[in-house]
Amino acid sequence: MKRSISIKDISKGTGPLIQITAEDQIPLPPPYDKPEFDPPIPPLSDKARENFVCLDDTVALNLPIPKTEKEEEQLVNQFLSGLEKCFSEDNNWTFLQPLVMSMEHCAKCQTCSDACHIYEESGNNPLYRPTFRSEVIRRIYHKYIKKASTWVHGDIDLNWKTVARLIELSYRCNVCRRCAQTCPIGVDNALLAREIRKIASQEMGIAAKEIHDDGSMLQLKVGSSTGMNKRVVIDNVEFIDEDITEMTGIETKTPFDVEGADILMLHNAGEIMAWPENPGCFAVLFNAAGLSWTMSSDFAAYDGINYGVWYDDVQFARTALLHAQAAQKLGVKKIVLGECGHAHKALTVIADKVLTGDLNIPRESCMPVLLDIVKSGKIKFDKSRNDFPVVLHDPCNMVRLMGIVSPQREILKAVVPEHRILEMAPHGVENYCCGGGSGFAIMSGHNFADWRHHMTGRRKFRQILNAFQNEPMDQDHPKYVCAPCSNCKGQIRDIINYYDAWEKHGIYYGGLVELMVNAMVDVKPGFIDWEWR
Amino acid sequence: MQLVPYIVAYVAIAIFIVAVIARFVMWSKMPLHVRWELYPVAHEAKKAHYGGSYLEESEWWNKPREVSLLGELKVMIPEILFLVALKEHNPKLWIRSFPFHFGLYLVIGCTVVMMGTGLLAAIAPELIAGGFGDLLRYVILGLGAVGMALAIFGALGLLQRRLTDPALRDATSGADLFNLVFFIIAFGCAFASFLIVDRDFAITAAFVANLVTFNPVALPGMDAAFYLPTISAALLSLLVLYIPLTHMSHFVGKYFAYHAIRWNDAPNLKGGDQEEAINGMLVRPLTWSASHIKGDGTKRWADAATEDFSK
Ligand code: SF4
Ligand code: SF4
């Protein structure tokens with residue numbers, strides 16, 4: 001149902017504004033270039049269409065359709081109230097300057113559109129332009145808050161559909177900021193998407209359930225979005241240590257709550273549940289290198305996630321403080337973030353303007369720490385143990401948003417034969433998002449996961465297939481996508497499963513430390529056994 | 001009557017200066033915000049070429065931070081002069097936007113040379129009496145004629161694209177079209193004046209010289225062809241006045257977009273000078289209404305951030 005949609009259409013009609021069909025999309029590269037290998041997005045169920053606000057035939061938020069005029073008005077008024085607060089120094093000091101910059105100076109040149117994987121993979125559907133949602137919020141702001149001329153700023157009708165669809169639309173962006181990189185003026189459409197999410201969450205109490213109720217709130221109530229409490233975490237990590245000891249032949253013990261250790265290691269607790277070998281490998285490497293380190297069993301300090309970065313500044317600050325407090329209590333010299341991109345950015349960069357005094361404990365990425373281990377020569381690596389193609393995925397949060405580009409590549413060169421290392425095109429700071437950014441990796445209601453695979457994750461899958469183009473595409477020739485980030489791993493796992501890419505074509509995925517441990521001379525050969533998933 | 005173009009020009013220049021300063025002050029006075037940098041960051045001396053940062057270094061807080069002004073200039077100057085980002089990411093628009101902007105720069109350059117020549121003529125007339133004066137007049141002629149031609153060509157191209165490209169059209173407001181038309185009319189009029197009555201820019205240069213020397217006298221030749229140069233001067237003055245009042249003031253915003261946001265990677269070191277400002281932010285009140293915040297105007301950010309949900 002490809003049709004030209006205009007900005008003003010957001011206020012009109014009922015039901016979905018667009019629907020992406022197989023014909024709209026560019027075919028995937030071989031071996032997925034036949035329609036039979038690339039199933040279309042299943043339609044949203046009739047029940048969901050009847051009950052929830054619909055933008056594009058999928059639903060992220062389960063926003064109920066207002067039943068009365070009063071409910072409709074409430075939606076509009078709450079949104080306006082939140083929008084006004086976004087421009088208040090008290091309520092939004094966190095992002096006021098970047099927000100005003102992006103609201104005022106867009107030249108509407110659409111240069112940013114071609115940088116967006118979602119827009120391109122949709123077959124250039126205007127709804128997914130980075131500027132679409134920005135232009136809607138800009139017009140609402142100028143017309144209804146500032147009462148400025150619509151001749152100058154453009155016109156828009158404001159009704160409950162405008163508001164509800166705009167909020168849904170803010171959850172059609174990975175907040176990867178690739179578009180911002182190409183803007184000749186410096187406007188940031190990703191930031192505007194996040195500000196819309198903020199209005200919804202901080203003012204209206206609307207957010208994706210997976211991110212808020214089952215995510216940041218659960219972390220603040222129980223200690224982790226996985227639901228694990230202190231006891232469960234310690235038990236689980238003990239199991240991991242036992243397994244890793246058996247797999248590597250190296251006695252492995254993860255230290256907990258060691259006061260005065262140099263390093264507090266902060267993992268995404270999702271690793272402990274879904275990819276236990278990852279924290280296990282960190283333990284093997286840190287112990288072998290003789291680092292002074294510990295994990296914390298303190299409340300929320302065993303889970304490095306901070307979903308607030310995706311949608312809510314208050315939730316963000318709460319979690320960042322809990323992490324810093326745990327480090328302060330142990331008296332560590334620094335916090336090191338494990339393989340989790342958003343946790344990296346949250347605590348290292350964004351929390352930089354939140355933590356002061358005794359809570360201002362240095363934070364750093366695991367990448368330079370791991371590179372130091374490699375350079376120290378304390379661990380002997382045998383590259384030939386990783387004699388299979390490895391392509392590196394760059395998590396947006398680490399590269400484009402933190403400038404950590406080189407250490408992971410240097411590490412790979414030390415543990416994988418150089419002729420086996422592949423790069424995606426483009427990579428580094430110009431990489432594409434895995435498709436799971438801004439919370440999508442954990443969002444799967446209705447047909448949202450299908451939409452995600454076809455729209456946000458498709459570009460990454462395309463890049464992976466292109467990278468392996470000269471390799472035999474069967475399971476006898478395993479190929480490794482190295483994704484040093486929990487969220488990216490989750491998204492890449494999902495898309496590999498969706499296309500059955502491991503069973504059919506031998507495409508496998510994992511983190512960076514797994515490759516390091518697999519290459520350790522002191523570890524039993526065959527640590528990566530291709531059976532974990 | 002002879003005073004009118006002078007008055008319009010003085011008022012326009014005054015409003016331009018005040019509006020640009022006001023924008024600068026507004027942007028500078030905004031409260032501290034969280035870091036939101038975007039790589040590559042140009043002042044990363046040895047790492048900017050691939051987008052790397054000091055966060056690639058272990059224990060970066062114990063190492064001296066290198067901020068390369070040269071690195072920034074290497075990006076900023078080509079960006080300002082040649083719109084490098086647009087060329088790379090949107091070449092179709094660049095072939096219109098670049099001549100437009102570069103034409104404006106040349107016209108600004110031409111005006112500056114006219115001002116300098118006018119001042120020199122007042123202070124040391126012997127200096128510009130000979131060959132040097134001729135050279136300046138050629139420079140004025142070249143910059144002005146080429147600049148106006150480029151700007152008109154670019155503005156027409158931008159208008160054509162805005163009207164014919166569906167994506168651009170949907171996002172275009174009445175004012176966006178008006179702005180381009182205004183440029184085309186003002187520069188078109190000035191170009192016509194150049195072609196018809198002011199082939200060597202002598203009238204315009206005399207007008208600018210009188211402006212900078214505060215000598216608002218009737219111009220030679222104004223009687224013979226009064227309207228075109230006068231209308232051109234008035235329209236260009238109005239344009240100068242209008243630009244900083246619109247989103248075309250992005251030349252101010254862009255400075256902040258880069259220096260205060262995209263490249264602002266200055267870390268908040270323990271005991272450093274940022275901590276006090278941050279503490280000042282944390283005691284600000286908040287009024288966000290969602291049930292997990294319940295900001296009532298007395299609750300501060302620090303209170304909201306330290307609420308205990310585990311009980
Ligand atoms: S955000 Fe930037 S690139 Fe996109 S339309 Fe606006 S000015 Fe152009
Ligand atoms: S932030 Fe990423 S996903 Fe969102 S609009 Fe920009 S390029 Fe597209």
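How many residues of chain A are in contact with how many of chain B? Select both chains: 90 residues of chain A are in contact with 81 residues of chain B, where contact means heavy atoms within 4.5 Å.

This is a predicted model, in which local features need pLDDT of at least 70 and side-chain atom pairs count only at pLDDT 80 or more, while totals for chains, interfaces and linings use all residues. Residues are numbered from 1 along each chain as its sequence is written, chains are lettered from A and ligands numbered from 1 in the order in which they are written, and side-chain values use heavy atoms, with hydrogens and water left out.

**Stop 1: the interface of chains A and B**

Stay with the two chains. They bury about 7500 Å² between them, and carbon and sulfur atoms carry 59% of that; buried area is the accessible area (1.4 Å probe) that two parts lose on being put together, summed over both. On the chain A side, pick out W93(A), Q97(A) and K353(A), which lose the most area to chain B, together 11% of what that side buries.

Next, select R284(B) and D90(A), whose side chains meet in a salt bridge (2.9 Å, N to O). The term covers a side-chain nitrogen of Lys or Arg within 4 Å of a carboxyl oxygen of Asp or Glu, and the count between chain A and chain B is eight. The rule for polar contacts finds 54 residue pairs across this interface, both residues at pLDDT 80 or more. A polar contact is a pair of N or O atoms within 3.5 Å; within protein, one must be able to donate a hydrogen and the other to accept it, and residues adjacent in sequence count only if both atoms are side-chain atoms.

Now colour helix α9 (residues 189-204) of chain A, which gives seven residues, the largest share of the side that touches chain B. Helices (H or I, at least four residues) and strands (E, at least two) are DSSP runs, numbered from the N terminus. By class, that side of chain A has 40 nonpolar, 24 polar and 26 charged residues. Ala, Val, Leu, Ile, Met, Phe, Trp, Tyr, Cys and Pro count as nonpolar, Asp, Glu, Lys and Arg as charged, and the others, Gly among them, as polar.

**Stop 2: domains within chain A**

Domain 1 of chain A gives 42 residues to its contact with domain 3 of chain A, which gives 37. About 3300 Å² is buried between them, 58% of it from carbon and sulfur atoms.

Select E121(A) and R462(A) to see a salt bridge of 2.8 Å, N to O. Across the interface of domain 1 and domain 3 of chain A there are five salt bridges and 27 residue pairs in polar contact. On the domain 1 side, α4 (117-121) and α8 (178-182) of chain A are the elements that give two or more residues, with α4(A) giving the largest share, four.

**Stop 3: the ligands**

Select ligand 1. Its shell holds 13 residues, the closest being C106(A), C109(A), Q110(A), C112(A) and C183(A); a residue belongs here if one of its heavy atoms lies within 4 Å. Eight of the shell residues are nonpolar, four polar and one charged.

Move to ligand 2. Of the 13 residues around it, C116(A), C173(A), C176(A), R177(A) and C179(A) come nearest. The elements giving two or more residues to this shell are α4, α5 (130-145) and α8 of chain A.
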